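Please keep the sequence and the coordinates open while reading.

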Amino acid sequence: DVQLSKRVNSIKPSPTLAVTNRAAELKAAGKNIIGLGAGEPDFDTPEHIKEAAIKAIQDGFTKYTAVDGTPGLKKAIINKFQRDNGLSYEPNQILVSSGGKQSFFNLTLALLDAGDEVIIPAPYWVSYPDMVLVADGVPVIIETTQEARFKITPEQLKAAITAKTRLVVINSPSNPSGVSYTLDELKALGEVLRQYPDVLIATDDMYEHINFSSEPFCNILNACPDLYPRTIVLNGVSKAYSMTGWRIGYAAGPAKLIGAMKKVQSQSTSNPNSIAQVAAQAALEGQQECVAEMVRAFKARHDFVVNALNEIPGVDCIHADGTFYAFPSFHQVIASREEFADDIALAEFLLLEAGVALVPGSAFGAPGNMRLSFATSMDILEDAIARIKRALEK
Ligand code: PLP
């Protein structure tokens, strides 16, 4: 029997991918399943982006590039930060990676020693705690409530910081809750962070553009520009441009840290895919109307889904600020029946009885809620919610 490392035994496979796979298996077995588990837009990658990639292949742009990304893409990223976020970076402050997932992975490996703590507000993106564990770090979870719109308070942040804290993660708009921190809320968190100059901040802005609140997008650096020397901004093209399969994400931050992350990447995957880098550059430099079009569709679906969910007895769903997720509470539903031991049992019930795949909130550190991705057509969403309603009425 193969003896596996403590490291790999400390982590679990991505639960969102597991739900997607289980739905696919049932589908393959002939079951009629609606999969609302996956975290990716349903739209095709816009045409002008695909064309740039096709041209890159035809031009023979098919070899290794610089580990940290092509000069052209890095320039496009620097311009994007200036244009969208009012942030200035030099090329040695930018690292392009194979998806935002690798950006965060590089960060934990470059930053953490054994026992170092990383503060992660729950509900969180499933990968943060496990990527911290892979780097021998300790995830420190801050619980939130639906009443607080799943946001942490400055007091909670302060209480979570110890001498071992190395990093605080902020993800706004959030996967899975869909909520965003306001500029004032970020200012208040920054007020606490100022008292701990050794703590770094990661702002994961992956859903920046999928924002349908009345407030413009902002991150901790817009609220507290003085935190620039110890903040790392994570972003990518997966969600905004419907490019999940292309695998391009990027990070911006202090040159020393970015250099260390680049070293990690140089010994693991080297440069991200050359063709995808050309496509990502076309996405960032091209027309942005394609993004606005997708966001309009997400907003309409959000409104439908949240209202329809709230009509199901026992379900309580807040309105999101962005992303393509709803994160309804099923606490009352779970409490109402013996057979629903927890949200995992409920997810299994909905999968088998309603033929709808949702991800249980416990995967995100918020048991009792469920994540529903509305990155699918309105017809399918209507069918899915009707099925959930019917299954629960039985
Ligand atoms: N950050 C958040 C909050 C996400 O939800 C995701 C994807 O699910 C990522 C980062 C990484 O995306 P990718 O690796 O596809 O760029």
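Arg-247 counts as buried because it has 20 C-beta neighbours inside 10 Å. A residue is buried if 20 or more other C-beta atoms, placed from the backbone, lie within 10 Å of its own, exposed if 12 or fewer do, and partly exposed in between. The phi of Arg-247 is positive, near 65°, in a residue other than glycine. Arg-247 sits in the loop between β7 (231–236) and β8 (249–252). Helices (H or I, at least four residues) and strands (E, at least two) are DSSP runs, numbered from the N terminus.

Arg-149 also has a positive phi, about 55°, although it is not a glycine. Arg-149 is partly exposed, with 18 other C-beta atoms within 10 Å, and its place is in the loop between β4 (138–142) and α7 (154–160).

## Basis of the model

The model is predicted: local features need pLDDT of at least 70, side-chain atom pairs count only at pLDDT 80 or more, and totals for chains, interfaces and linings use all residues. Residues are numbered from 1 along each chain as its sequence is written.

## Strand β2 and its partner

In strand β2 (residues 94–97), Ile-94 and Val-96 point one way, Leu-95 and Ser-97 point the other way, and all are buried. In a regular strand, side chains alternate between the two faces of the sheet. β2 and β8 run antiparallel and are joined by four bridges; two strands pair if DSSP finds at least two bridges between them. Leu-95 has Ala-251 of β8 as its bridge partner.

The buried residues of α6 are Tyr-128, Pro-129, Met-131, Val-132 and Leu-133. Their cover includes α5 (100–111), β3, β4 and β5, with contact meaning C-beta atoms, placed from the backbone, within 7 Å. After α6 comes Asp-136, with a positive phi near 65°.

A cis peptide bond joins Ala-122 and Pro-123, with omega about 0°. Pro-123 lies in the loop between β3 (117–121) and α6 (127–134). Another cis peptide bond, with omega about 20°, joins Asn-175 and Pro-176. The loop that holds Pro-176 runs between β5 (165–171) and α8 (183–193).

## Ligand shell

Of the 13 residues around the ligand, Gly-99, Gly-100, Lys-101, Asn-175 and Ser-238 come nearest. A residue is near a molecule or strand if its C-beta atom, placed from the backbone, lies within 6 Å of it. The shell divides into two nonpolar, nine polar and two charged residues. Ala, Val, Leu, Ile, Met, Phe, Trp, Tyr, Cys and Pro count as nonpolar, Asp, Glu, Lys and Arg as charged, and the others, Gly among them, as polar.

## The whole chain

The chain has 15 helices and 12 strands. Its radius of gyration is 21 Å, close to the 21 Å that the globule rule gives for 394 residues, so the chain is as compact as a globular protein of that length. The radius is taken over C-alpha atoms, and the rule is 2.2 Å times the number of residues to the power 0.38. The C-alpha trace spans about 60 × 55 × 55 Å along its principal axes. Buried residues make up 47% of the 394 residues. Among contacts between residues at least 6 apart in sequence, 72% join residues at least 24 apart.

An unreviewed UniProt entry annotates residues 32–388 as "domain: Aminotransferase class I/classII large". UniProt positions follow the numbering used here, feature names are shortened, and annotations may be inferred rather than shown by experiment. The end C-alpha atoms of residues 32–388 lie 14 Å apart, and this span is 40% helix and 13% strand.

Key:
Contact = placed C-beta atoms within 7 Å.
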